[in-house]
Amino acid sequence: NMATLEKLYKQVENIKAIAEENRQKENEAAVRIQSWFRGCQVRAYVSLLHKNATSIQKIWHGLTARALFRQRVKTAYFITKMNFYNKMAVKVNISLARYLEGLTRKNKHIRRDLEEVAELQWKERERITLEKQEKEKNIQAQRLHFLLSTKQCLGVFNSPFRAEPDETELRLRKVRPLLVRSAPKERKNPNITPDLNNLMPNRERLPPIHKKPQGPFRPALEVQQQRHRPLEPSLHVISSITALEEAREELKWQEWRTRIIDQTYVTHTHKRSHYEGLMHTSTPFEQVAYGTKHFREEHKEYLKGKKPFKTVFTTCHVFDKFGRLYSSAGNIV
Amino acid sequence: MSQRQILQVFEQYQKARTQFVQTVADLAARPQNTETLQNAGVMSLLRPLLLDAVPTIQQTAALALGRLANYNDDLAEAVVKGDILPQLVYSLAEQNRFYKKAAAFVLRAVAKHSPELAQAVVDCGALDALVISLEEFDPGVKEAAAWAISYIARHNAQLSQAVVDAGVVPLLVLCIQEPEIALKRVAASALSDIAKHSPELAQTVVDTGAIAHLAQMILNPDAKLKRQVFSALSQIAKHSVDVAEMVVEAEIFPAALVCLKDPDEYVRKNVTTLIREITKHTPELSQIIVNVGGVAAVIDYLGDSKGNVRLPGIMMLGYVATHSENLAMAVIVSKGVPQLAICLEEEQEDHIKAATAWAFGQIGRHTPEHAKAVAVANVFPKLLNLYLDTESSEDLQVKAKKALKSILQKCTYLPALEPLLYEAPSNILKHVICQFSKVLPHDSKARRLFVTSGGLKKVQEIKAEPGSAIQEYINAINNCYPEEIVRYYSPGYSETLLERIDTYQPM
């Protein structure tokens, strides 16, 4: 008990002494182990931190690099786009310039064509109006055909005081008068064979009325000519307008030629001794009372003492009963 | 009395009636007699004569009624109130062609005055009778019926729809193909009156194949027919793009351009209206018209005509230039700008001047080249005068201002901008100064010219609030020049110099 206790105490003190000896070693070993472990921990931690930092930096570098890249891509794209636009704009400008040039040419053509068409239409209208006017003038000339001048008498439009006749005169000469059916052309040659022997009717001429010549006094040929002569109504007379005066003149000269006695024959021999002038022309220049104040001679000395002539008388009752003598009963109304 | 004497009485009565109705018809032909006739109660006297046994009296009575109703809408109302229309409509189906013509004339005379009267005519069932008349053989009857239909359809869309529902349009298209010119004219005018109200009606007209027949008649020598044909085509084309394209596909160009040289003024006007309605819709249609030479033809038309008829031509150029800058350049290249400047100068009416100002604005607003082309024609002072003139209408002032602003925003041609410095009001001046501030920093010759012409001096005299846009532009301009020059031209410089004399101490 005490001995064991002391032995135990001694064992313990031995152990303590041994432990004391080893304490330092073990402590140092423990410290070494711990420091090594701590070191490993820290290293592991630091390597973790490193890894994290690396990955963060990787990500960050990637981001910035990509942003830069994007920017570069954008600028490159922009530059290519502008180049493209410029090229296209050049092309567009060239093509636009060509288009506008073509357009101006086309416009010029169109303007010229339209001008031509307008000119043609205008000329056409002018021509039509001119033709109408010509026609009207010709119709007028046809109606006034009788005013054509003849050798005897120059017409209205052919004044002798002018150098040239008027245009209406020329028109009158050109134009055919109205209602003239064309005379048969055979009138020029005189040898018209009479149709007496020809029994077939000639289409251009009327058939003769009688087989033998008409009337006993003219030759057959003449009668035929007269018979077949076409109607030529015109106011253009063959004899001149003054034929009547000239005939009178001719008669006068004929009478003068045949007249032997030149003295005119008077029927009465007594002559008045003097010529009694008219009262109105041979009086002095005052107004003559005769003719205005009185119309008869007045012999006042004869009328002296006489009573004036009565102009009003008492009525006579001759006609009082005129129309009233008999009653009107029984008259026819 | 003997039979002969009795019959003589009736003969006398008939002669009296005939003479009465013929005299009334002759009197009704003159407008100054209508009032007297109306006061004498002619309506009530003519009405029983419409039912007369003798056909001549019936026809002459109808003719007299028609002439009376033609002049005066009171008389037309009296015709409606007197219940004459049903009788006429009944006779329209039964009687001979002279009576039909006279009855159709009365219907037309009544329907022309107002929509209510036209509605009354339709309510009497006149449309069916008129459709039957359109199928008649005689062209005079067809013409009278077509004329009545066109006067009915003229007033509003509802009446046009009623007319179309009666089945009139195919018959009208047949009438157009007839050889008589008068019938063609009236049928074309009827189609024009029907199609003008709404796109559906125009589509109905197009569906019957009217466009091809109308296009065939373009080169007809009769002027009045051409007027109606072009009016019909333009009323059809104005409603929608599809219909306008169909009209263009009918190959009317370049034949229609020949009609721009027609001696008749209204033919030319209607052709230009048609071109305007076509170019209004899309750039492609405008391109077609430009390619075929339409712009040059219209510009020549503007040179040949005067007055109100120029308006469709001016609007057409504006519409073409609106669509794209290439088309605007095409207008400029075809010598449109000098012609429009002449129009602006010569015309007196405000609405024509407003249209010309608008057209200039559309041409010049695209790029600096366009603006330069407009500026070179010396248009700016005129537009400015129109804007500032107190006698111009409001519409004209607004359009002139808009045109000026839109052209100025692109204009870099300084010689044309300089006169504006002196006269423009402040809202226009802002844009002018803005343009100067854009151009002057880059061009030294322009800077020199600006100084020598007195522009810099004027700019210094402008009073602007600090911080406003004008002040910024003025600063930008002043920065282009050395300080001494700016100070030299600023107002009151001589006074400051003189003040320096006061403070100067000689050595």
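Which residues do ring pairs link into a cluster? In this predicted model, in which local features need pLDDT of at least 70, side-chain atom pairs count only at pLDDT 80 or more, and totals for chains, interfaces and linings use all residues, the cluster joins B:Tyr488, B:Tyr489 and B:Tyr493. Residues are numbered from 1 along each chain as its sequence is written, chains are lettered from A and ligands numbered from 1 in the order in which they are written, and side-chain values use heavy atoms, with hydrogens and water left out.

Rings of Phe, Tyr and Trp (its six-membered ring) pair if their centres lie within 6.5 Å, and their planes count as stacked under 30 degrees apart, as edge-to-face over 60 and as tilted for the rest. Over all chains the structure holds seven aromatic pairs. One of them, B:Trp147 with B:Tyr151, is edge-to-face, at 6.5 Å centre to centre and 85° between the planes. Relative accessible area (1.4 Å probe, protein chains only) makes a residue buried under 20%, exposed over 50% and partly exposed in between, so B:Tyr151 at 16% is buried, whereas B:Trp147 at 28% is partly exposed.

Turning to the two chains, 15 residues of chain A are in contact with 18 residues of chain B, where contact means heavy atoms within 4.5 Å. Across this interface of chain A and chain B there are two salt bridges, each defined as a side-chain nitrogen of Lys or Arg within 4 Å of a carboxyl oxygen of Asp or Glu. In a salt bridge, the side chains of A:Arg111 and B:Asp300 meet at 3.1 Å, N to O.
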